[in-house]
Amino acid sequence: MVYLDRILKGCASAGIDGRLVEIPGDDPAGQEAALVAALHDLNADPSVAGIIVQMPLPHGVRLRPVVEAIDPAKDIDGIHPMNAGLLRLGWDGFVPATAHAALEMLRHSGTTIRGAEAVVIGRSPVVGMPAAFMLTREDATVTVCHSRTRDLASHVQRADIVVVAAGRPGLVTGEMLKPGAVVIDVGINVVDGRIVGDVDFESASRVAGAITPVPGGVGPLTNALLLAHLVRAAQKQAGDPATA
């Protein structure tokens, strides 16, 4: 809800009409049907240029029917199979905003991506895997690690770039990092009432060449890029030849 509130405030500050569509009820089958129906209505509404579905879905609501119900042209967070496939092929489409934010931070900080050893920790379809595909497209050599990876530290210690999106606070520590490595912490965890990332910032910041804070790092840029995706979607739907 904090994330959603920030998105809506960002819309308002940019002059965009953003609104929350809530699906009532507590029966998973009924909620799923209502959510799919709401998405079809939004797809057909010419005043709606972009749609995002907040995750995770309630227990029992299947992800696939919901994702497939989104119009790919309005899928500004890049979760529809068509947009996911375009990313995998290296073609233009909408990409998940969080993964996009991680890449833009690397680009604008002057980090050398081409030829770099990159480790992505986390294989979710909305952050980890898209980030890995985008790094590969930028000519990095990418290793994807996850909960079943043996000896995580040995992989991280070789990496010039580390993107962490595992949902485990303090998973990556300074002693695991290669000196000078660039660390993008995508994790959001609540520990003792505080929001922290997946990286132990105190120890990692003494070793890393650059590191994103949590909060205040990837999150704000994710929201800004989501609005940029929305503007591009609106332009394409309006027939702007520059976005064709």
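Predicted model: local features only at pLDDT ≥ 70, side-chain atom pairs only at ≥ 80, totals over all residues.
**Exercise 1: Strand partners**

*Solution.* 
- Step 1: Widen the view to the strands themselves. S1 and strand S3 (residues 161-164) are joined by 4 bridges in the parallel sense.
- Step 2: Now turn to strand S2 (residues 141-145), which runs parallel to S1 and is joined to it by 5 bridges. Here Glu117 stands opposite Thr141.
- Step 3: Follow the chain from S1 to S2. The path goes through helix H6 (residues 128-137), and this β-α-β crossover is right-handed.
- Step 4: Check the cover over S1 (residues 117-121): 4 of its 5 residues are buried.

**Exercise 2: Salt bridges between separate parts**

Locate the salt bridges of Arg107 with Glu138 and of Asp160 with Lys178, and say which parts of the chain they link.

*Solution.* 
- Step 1: The side chains of Arg107 and Glu138 form a salt bridge at 2.7 Å, N to O.
- Step 2: Arg107 belongs to helix H5 (residues 97-108) and Glu138 to the loop between H6 and S2, so this pair ties together parts 31 residues apart in sequence.
- Step 3: Asp160 sits in the loop between helix H7 (152-156) and S3, while Lys178 is in the loop between S3 and S4, 18 residues apart.
- Step 4: Asp160 is partly exposed because its relative accessibility is 27%, which lies between the limits of 20% and 50%.

**Exercise 3: Cysteines under cover**

Decide whether Cys11 and Cys145 are buried or exposed, and count the disulfides.

*Solution.* 
- Step 1: Buried means under 20% relative accessible area.
- Step 2: Cys11 has 7%, so Cys11 is buried.
- Step 3: Cys145 has 1%, so Cys145 is buried.
- Step 4: A search of the whole structure gives 0 disulfides.

**Exercise 4: A nonpolar patch**

Name the residues that make the nonpolar surface patch of about 300 Å².

*Solution.* 
- Step 1: The patch is made by Ile188, Val190 and Ile195.
- Step 2: Ile188 lies in the loop between strand S4 (182-185) and strand S5 (189-191).
- Step 3: Ile188 counts as exposed because its relative accessibility is 60%.

Conventions. Residues numbered from 1 in each chain as written. Heavy atoms only, no water. Patch = residues over 30% accessible without salt bridge, like charges linked within 9 Å, V, L, I, M, F, W, Y side chains within 5 Å. Areas by Shrake-Rupley, 256 points an atom, 1.4 Å probe, with all protein chains shown as cover. Salt bridge = Lys/Arg side-chain N within 4 Å of Asp/Glu carboxyl O. Helix = DSSP H or I, 4+ residues; strand = E, 2+ residues; numbered from the N terminus. Buried < 20%, exposed > 50% of the residue type's maximum accessible area, 1.4 Å probe, protein only. Pairing = 2+ DSSP bridges. Right-handed = clockwise from strand over helix to strand, strands pointing away. Disulfide = S-S within 2.5 Å.
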